[in-house]
Amino acid sequence: RMGRSVQPPAERPGERRMAEMKKLYGAEAAKIQAMEAAMQLIFDRNCDKKQPKYWPIIPLKL
Amino acid sequence: MNDWQRKSPLDWETYVNKMVKVAAIEKHEYEGWVLTVDPVSASIVLATFLENEEVSISVVLGHAVQEVEILKEGDDEMKQRLSCIFAPEESKAYSP
Amino acid sequence: ASPRFQALLGGQMTAQAVRANLRQRYLRGLGAARGRPTRFYLRAGVQVDAVFGAADVDAVAFQVDALRTPLGVQAAALLRYTDVLAYTFLLE
């Protein structure tokens, strides 16, 4: 219990992201975040399922 | 970062609903009506209307954009047409 | 609040609303691209056709399917944003 007043609670990454989103998008932040989360979910799921490799293997822009 | 990527959302918005010519690196050129500019990547989304009711969408990535020239302003009818292109499905159902 | 502060605040709110609208339209565009045959124009004059899968939200990579490379078809692949100059697809 004592530790609580000494150490600030660990910042949750989700909260930080929401604060950034608020600053960028104001009142629409939650909506944009939901749309992004949906898009990212599809991307992550496809990567898990299909294990795509980068093409070309070496970046064209070095 | 190039000059285009450094612009503000308010700057990018001035291109929306305008017919533009985008000059990109490696001598690429694209023409079309601006649907939006992604504020994260500065990518420009362009629409061109083809004869058979098809719409061609071109996205020029922000890092590749060198210059954007406005060729024409869109009238109200064009704005309406453009706003319908990526409209969510539920609102599409209600439009004629 | 002073009128100057209010004007500043109003300006910030306008910028946020504009940014949100631009972003929302862009994300819908990515949604519309999903599953569509897409031509990608890469650096060094490289052109490849693939089926658009998804893009990550931080603009790092596109996930594509059935990528036709000069050496054959790759069932799934990632294309780097930094390699891609532009891409096009059709809506009917």
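Let's start on the surface of chain C, where C:Phe5, C:Leu8, C:Leu9 and C:Met13 form a nonpolar patch with about 430 Å² of accessible area together. Keep in mind as you look around that this is a predicted model. C:Leu8 counts as exposed because its relative accessible area is 63%, and the cut-off for exposed is over 50%.

Now turn to the place where chains B and C meet. Here 34 residues of chain B are in contact with 30 residues of chain C. Together the two chains bury about 2,800 Å² between them, and carbon and sulfur atoms give 67% of that area. On the chain B side, B:Val59, B:Leu61 and B:Phe86 stand out: they supply 19% of the area that chain B buries against chain C, more than any other three residues.

The interface has a polar side to explore too. Between chain B and chain C there is 1 salt bridge; you can find it where the side chains of C:Arg23 and B:Asp38 meet, at 2.8 Å from N to O. Polar contacts between chain B and chain C come to 10 residue pairs, counting pairs with both residues at pLDDT 80 or more.

Which elements of chain B build the side that touches chain C? Helix H2 (9–13), strand E2 (28–37), strand E4 (55–60) and helix H3 (76–85) each supply at least two residues. The largest share comes from strand E4 of chain B, with 6 residues.

Notes:
Residues are numbered from 1 along each chain as its sequence is written. Chains are lettered from A and ligands numbered from 1 in the order in which they are written. This is a predicted model: local features need pLDDT of at least 70, side-chain atom pairs count only at pLDDT 80 or more; totals for chains, interfaces and linings use all residues. Side-chain values use heavy atoms; hydrogens and water are left out. Patches are made of residues with over 30% relative accessible area and no salt bridge: like charges are joined within 9 Å, nonpolar side chains (Val, Leu, Ile, Met, Phe, Trp, Tyr) within 5 Å. Accessible areas come from the Shrake-Rupley method with a 1.4 Å probe; for residues, only the protein chains shown count as cover. A salt bridge is a side-chain nitrogen of Lys or Arg within 4 Å of a carboxyl oxygen of Asp or Glu. Buried means under 20% relative accessible area, exposed over 50%, partly exposed in between (1.4 Å probe, protein chains only). Contact means heavy atoms within 4.5 Å. Buried area is the accessible area (1.4 Å probe) that two parts lose on being put together, summed over both. A polar contact is a pair of N or O atoms within 3.5 Å; within protein, one must be able to donate a hydrogen and the other to accept it, and residues adjacent in sequence count only if both atoms are side-chain atoms. Helices (H or I, at least four residues) and strands (E, at least two) are DSSP runs, numbered from the N terminus.
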